[in-house]
Structures are given as structure tokens and as C-alpha cells.
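The following exercises are to be worked with the sequence and the coordinates at hand. Each task is followed by a solution in steps.

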Amino acid sequence: MAYKIIASQCTGCSACEFECPNAAISMKGDTFIIDPAKCTECEGHYDHPQCDTVCPVPKTCVPA
């Protein structure tokens, strides 16, 4: 399973983009998106998905 970003809650701060070990997060328009083909939920890198950990808005990066 991959994570997704709730577009209506994304502030565009870019904190998640730099923390993703798989380069699965990119800017699309005014928000960020997660490529589900690249997202591994940080398995093998971290204990918890880093997009969710660093996002300043709770429940913006969630399981897809």
C-alpha cells in the first residue's frame, strides 16, 4: 500500500518532499502528490512513513 496526500489540506510547505527516501513525492500544481508506484511507506528505511511524520498538518499524509 502507498500513502497519499489530501490535497485540500496540503499547505505546499515541501517538508515531505525532502524526507521521502524513494523520491515518490513531487509538486503538482499548488500541492504535492505521492507516486504510488514509488511509495513503500518508508519500509526498510524508517519505522513510520516520513511524509506523515514531518507534515505540519495532522492527517494530511494518509494510507491510500
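Predicted model: local features only at pLDDT ≥ 70, side-chain atom pairs only at ≥ 80, totals over all residues.

**Exercise 1.** Classify C20 and C51: does each count as buried or exposed?

*Solution.* Step 1. The cut-off for a buried residue is under 20% relative accessible area.
Step 1. C20 has 17% relative accessibility and therefore counts as buried.
Step 2. C51, at 8%, counts as buried because its value also falls under the cut-off.
Step 3. For the chain as a whole, 30% of the 64 residues count as buried.

**Exercise 2.** Describe the order of the secondary structure elements and the pairing of β2 with β3.

*Solution.* Step 1. Two helices and four strands are present, and their order along the sequence is β-α-β-β-α-β.
Step 1. Strands β2 (residues 25–28) and β3 (residues 31–34) run antiparallel and are joined by four bridges.
Step 2. Within this pairing, S26 stands opposite I33 in β3.
Step 3. Two residues lie between the strands of the hairpin, where G29 takes a positive phi near 70°.

**Exercise 3.** Which residues touch the most other members of the largest nonpolar core?

*Solution.* Step 1. The core has 13 residues, and those with the most contacts to other members are I5, I25, I34 and C51.
Step 1. Two or more residues of this core come from each of β1 (3–5) and β3.
Step 2. Leaving aside residues up to four places away in sequence, I25 touches I5, C16, E17, C20, F32, I33, I34 and C51.

**Exercise 4.** What radius of gyration does the chain have, and how does this value stand against that of a compact globule?

*Solution.* Step 1. For 64 residues, a compact globule would have a radius of gyration near 11 Å.
Step 1. The chain has 10 Å, which agrees.
Step 2. The C-alpha trace spans about 30 × 20 × 20 Å along its principal axes.
Step 3. Among contacts with a separation of 6 or more, 58% involve residues 24 or more positions apart.

Technical notes. Residues numbered from 1 in each chain as written. Heavy atoms only, no water. Buried < 20%, exposed > 50% of the residue type's maximum accessible area, 1.4 Å probe, protein only. Pairing = 2+ DSSP bridges. Core = buried A, V, L, I, M, F, W, Y, C linked by side-chain atoms within 4.5 Å. Contact = heavy atoms within 4.5 Å. Rg over C-alpha atoms; globule rule 2.2 N^0.38 Å.
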